[in-house]
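Please read it with the structure open.

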Number of protein chains: 2
Amino acid sequence: MAPGLLNEEHNPSGIPVSKKNVVSTRELVESEKGSHDIVLKSFRLLIADLCQQFGGGHPGGAIGMAAIGIALWKYVMRYAPHSPDYFNRDRFVLSNGHCCLFQYAFLHLTGYKAMTFDQLKSYHSERYDAICPGHPEIEHEGIEVTTGPLGQGIANAVGLAMATKHLAATFNRPGYDVVSNHTWCMIGDACLQEGVGLEAISLAGHLQLNNLTVIYDNNQVTCDGSVDLVNTENINDKMKATGWNVIDIEDGCFDIAGITDALEQSKKSDKPTFINVRTIIGLGSKVQGLADAHGAAFGVEDVANMKRAYGFNPDDHFALGQPVRDFFDGLPARGNQYVKAWETLVGDYAKEYPDLAARFQKRVKGELTGWEELIPKSFTDKPTASRASSGLVFNPVAEKIDSFMVGTADLSPSVNMIWPGKEDFQNPNIKTTCGINGTYAGRYIHYGVREHVMCAVSNGLAAFNPGTIIPVTSSFFMFYLYAAPAVRMGALQHLQVIHAATHDSIGMGEDGPTHQPIENAAYFRALPNLLYIRPGDSEETAGAWIAAIKAKGTPSLISTSRHKLPQLKNTKREGVHKGAYVLEENDKATLTLIGVGAELSHAVGVAEKLKQKGIEARVVSMPCQRLFEQQSREYKRDVLRRHRMPSVVIEPYAPNGWERYADAAACMTRFGHSLPGTSAYKYFGFDVDTLTTKVTGYLDQLEADELLRHEFVEI
Amino acid sequence: MAPGLLNEEHNPSGIPVSKKNVVSTRELVESEKGSHDIVLKSFRLLIADLCQQFGGGHPGGAIGMAAIGIALWKYVMRYAPHSPDYFNRDRFVLSNGHCCLFQYAFLHLTGYKAMTFDQLKSYHSERYDAICPGHPEIEHEGIEVTTGPLGQGIANAVGLAMATKHLAATFNRPGYDVVSNHTWCMIGDACLQEGVGLEAISLAGHLQLNNLTVIYDNNQVTCDGSVDLVNTENINDKMKATGWNVIDIEDGCFDIAGITDALEQSKKSDKPTFINVRTIIGLGSKVQGLADAHGAAFGVEDVANMKRAYGFNPDDHFALGQPVRDFFDGLPARGNQYVKAWETLVGDYAKEYPDLAARFQKRVKGELTGWEELIPKSFTDKPTASRASSGLVFNPVAEKIDSFMVGTADLSPSVNMIWPGKEDFQNPNIKTTCGINGTYAGRYIHYGVREHVMCAVSNGLAAFNPGTIIPVTSSFFMFYLYAAPAVRMGALQHLQVIHAATHDSIGMGEDGPTHQPIENAAYFRALPNLLYIRPGDSEETAGAWIAAIKAKGTPSLISTSRHKLPQLKNTKREGVHKGAYVLEENDKATLTLIGVGAELSHAVGVAEKLKQKGIEARVVSMPCQRLFEQQSREYKRDVLRRHRMPSVVIEPYAPNGWERYADAAACMTRFGHSLPGTSAYKYFGFDVDTLTTKVTGYLDQLEADELLRHEFVEI
């Protein structure tokens, strides 16, 4: 029976298929059983060879999971090697990303064009253009998300499954399941230990994501030894208690039919499924079953012995015989059939539901239009907390533009991200005690007190397809530190996620030093490909959101205040897009004051006070260092004028990085203090009077000590 | 029956107590039942008043947990209000730290001297010297750890319980349980959602910490609404599957006897215990049972109505009648008995085991001696990875000095922190598959792939008693980002924890951009009260460890390379203690090169190449910015000489913060790339030839454009 045939499980959405082409997955597996042995052996030796050639890498896991891979790529997953990005493909996430050779080898065998044999063999080589990095990277064909830092992938997979649920609930109609893909995620023991993985599991169980299958490569080996060194819980019972369907596979090294059955069965569950597959790490090597099989090549002799034991020639490397090639041969053709069937379905859908289909196509293409005019053109003069300004700016957009899905880590009452008529993204079977219910079509996500998974899931939502979903997250700025590894992964993957961070200053007050961010901004300002934006009032908040929404390949973190800020008369949204701009010019100035975010008005106040003392100062607003760095040298010099006069930045954060723009800083090099906001500002000398004294003191010091001009001073 | 009496459960270690003074806890509770109603009501109204006076704070949780508090402080916990730091006290951790008034009120009622009635009433006031911040802080009497960021406290509690297990296993002898305290931890729903909390639960179950009781304030309310919005798992089943003893309490608002029984019962379990206590948030308020009761004062009228309903005068505020005062009256005296009994026990122990008792007393006092001479005075000339140098430097200390407990997040083979004869800290009932077993007396901790809880647990180990345990953690530098919130909490609390972070450069190679730190250091350099130290060779690694071990109130992060580094001839351990020092002086220099850590030798190499081109440069090594900042202005000027010549720093990290010390940087403003280490350096221009070209190019630019002297340049 030709491997490229559609079978009934693979036949998407009831498209007619000629009878003779329809076989069950089980029949197909049975009919090909004779080939499994040679394919398994060849695959395992290929992995051993790939690590051996440059004497490094992670062979053990990929070898242990060989049978799982065959079940997935040959029998169960719906994908198209020659249309790797087709919209309704199943998503596969390798959360144990160090086992990347597992995925690379299957991408090669199943016919992904980019993954040539030469490329496959570039693993651990010095090739600059290799597409086989040490962990899978989203840039390369067939990779859905970049993984490696453990626990991230499973959280991304939850996001991918949520994306499907949401799009299906929004766009599918009877007979037209235009979005119906499944998400498959491989994990090792680490994803069951890392907090972000545990958050993801808990959330997926709650949401009843029955379009998600997590396959646990249960080899009981960890870097330090056996898993029972560190984890002896009953994982199946734990998963059941968390709302998951659990399936056991005892012989994960060879039982392709059993694994295939389990995978197919998982698609029919009403819960997410956890398949606990017992495997042997590094099967066939002399270090099989040991930690030594995890992260090092086996050695020339061991690999040769594996080959002998398998009946292969020990001197042949990367041997993939014709039977192996034949086994995978028809998969691009099968993939093309999936694509064609889906396109036919979408074509018919467009005839029956033309408006809906137009909306759908817009989302498929990731088009975003008509949003900028929804943002208020001006604001009242009333002092407004910038977290409230965020709501004023963005909620009209969220209300009308379906691309946005907005989440919060249990801070709905604080972050102001609820638009009129918002509907929750929720498991529709849940009827909550508080009476707030929803469906999968909803676009407001309660993540619980799970900041890390909120951001990691958002990466998955964004990775589903470029621009189809633009996720927004929200929490206190301080708690983005919990989520920093996921924010980083979003920046690394060029995923557009917008993080709405509130309570971003010691002005947040009574919650005290545990909640007052001091050094957080230094991290996010240093993070490549992230826009950290601190707007100073409502107008700048509008600028911040516009910049973030326009930044297609870049996540943003918009950092706002808990407390009310005055509306400043010269702030400009366009100024924000340049990162910094002159807020108050002054031809007689002998000093530049740089103001930022919640304390921008403090800089303006200091300039006024200084004027009363006969010192003329100009004021620069610098909401985003990264955007400013992208401006021309001329613009930057014109804004800062550092060759003409000293500049002082005012921000109650760690000063690290401000030395680039200022000669002195009113800043914080210690943690905050629990006091009401205004008192906290006073306590640390961030009231306008004290700041003014500090600035004049600095100017006096500059007069007295010429060398200070070459140094950065904390005032 | 007088409340100050010892009873049998409270009688530590079999010290004889006169018969008439011995009552069971249950008898005591029964005998006082008549008082419970007035105490509960008074406590709840006190909380409502405390929030109402300044119109803010978190009343609901504290009110809901009143009965739990009475069971703990009146009947079960072993503590001494007038000797708050007595060594063998029970430790109480309020992991739901926003409910701090719960703890503050009980500290006041039970007679802690610092917590006067005036101080209690300072909550949310503008008093700079208040000891009632918005979350409990370790600086204040009766507070074991600072909590607030959710999930941290429960992880600290696991660390505190581990400290007890370890010290008990090390020092107790038959009849002499000199360390026998219990750890009690209150949590809300968030600690069951946050990843770090879930990691802590998993670890505690594995380690069978039966001296730990976690009390779940199960009020089913979260900020966004009811908990079932975000979590519908079967928590009891989940805890059981994770190795916990589970006890249910149905009426947590009033059933003091039932709660007391459960708490006492938990001390007899062979597992950690989870007590699931159903409570009603904000009981008695009109918003009882609702999210509105969580984070805002109830309003004047609501509080008045509560008082009326309870039969109190609505115009009386902070009313604590004599019956309430009497109820708590004897607790300082009872505490003094505990202290005296323990001191007697320790005195007798010293007679029977004088050597052991001397060691014990040294640990109790937190004395650390004889360690510095264990550190090698010199090293071979052989190129050595600084991660290996770390082992050479520190393992001899770890071997001999019992104060150190060393943990790893499943990277034992990579981090080189194993000393000869190390014994694991392990649940002695576990016989692992890999055959690596241990006891609670062991000092090497396998944390699993749980970086966040590793660092949070270490805070608990350090907080047990100053200097008794100095925890060391280890992982790749990149993964300290997962643990950053816990590292921050350690710095905030002045806890000495040493983090040994390896693979700290793009030179770590093939694992690629997910594992190559770029912006991490910017965070840790900005974090107040942390020493981030990047040593350049073995000698500097010795300096780094010496600085870290001497930093009693400051955590350190020692950041080392995966790859081999040459041993440089002028490096000095004493130089590290000053943060930066002149490695190669040159009177004819026109340029300062700043080298750091794994790339320090690159700076030395560039200076040599420049010399060949006729450019004289001096080389400064700057392993620690924070320590350098602590030096005198004169020293700093002498090292940097910025007024005399330009300086260029070489570090493949985000440059943020280097602008303070350098005019230009060879740095990274993008993510890394998966390549072998040497190739990665080349790919990004961090080989000596390319660096030299970049430096000369910069000098040319400086000549051509005078304004550049006022600007920081990335080269």
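Predicted model: local features only at pLDDT ≥ 70, side-chain atom pairs only at ≥ 80, totals over all residues.

1. Make-up of chain A. Chain A has 26 helices and 23 strands. Along the principal axes, the C-alpha atoms of chain A fill a box of roughly 90 × 60 × 45 Å.

2. How much of chain A counts as buried? The figure is 70% of its 715 residues. The accessible surface of chain A is about 22000 Å². Carbon and sulfur atoms hold 50% of that surface. Take the contacts in chain A with a separation of 6 or more: 76% of them join residues 24 or more positions apart.

3. A:Val620. This residue sits in strand 20 of chain A, residues 617-621. Is A:Val620 buried or exposed? Its relative accessibility is 0%, and buried means under 20%, so A:Val620 counts as buried.

4. A distance from A:Val620. A:Glu352 is 268 residues from A:Val620 along the chain. Their C-alpha atoms are 56 Å apart.

5. B:Thr696. Turn now to chain B. B:Thr696 is in helix 26 of chain B, residues 688-704. Its relative accessible area is 16%, under the 20% cut-off, so B:Thr696 is buried. Apart from residues up to four places away in sequence, B:Thr696 touches B:Leu610, B:Lys613 and B:Ile615.

6. A helix pair in chain B. Helix 13 of chain B covers residues 331-352, and helix 14 of chain B covers residues 354-365. They pack at an angle of about 135°, with axes 6 Å apart. Why call them oblique? The angle falls between the ranges for roughly perpendicular, 65 to 115 degrees, and roughly antiparallel, over 145, so helix 13 and helix 14 of chain B are oblique to each other.

7. Who meets whom in that pair. Helix 13 of chain B brings B:Trp342, B:Val346, B:Tyr349, B:Ala350, B:Lys351 and B:Glu352. Helix 14 of chain B meets them with B:Pro354, B:Leu356, B:Ala357, B:Phe360 and B:Gln361. By class, this contact has eight nonpolar, one polar and two charged residues.

Note on methods: Residues numbered from 1 in each chain as written. Chains lettered and ligands numbered in written order. Heavy atoms only, no water. Axes fitted to C-alpha atoms, helices over the stretch in contact; angles between N-to-C directions. Helix = DSSP H or I, 4+ residues; strand = E, 2+ residues; numbered from the N terminus. Parallel < 35°, antiparallel > 145°, perpendicular 65-115°, else oblique. Contact = heavy atoms within 4.5 Å. Nonpolar A, V, L, I, M, F, W, Y, C, P; charged D, E, K, R; others polar. Buried < 20%, exposed > 50% of the residue type's maximum accessible area, 1.4 Å probe, protein only. Areas by Shrake-Rupley, 256 points an atom, 1.4 Å probe, with all protein chains shown as cover.
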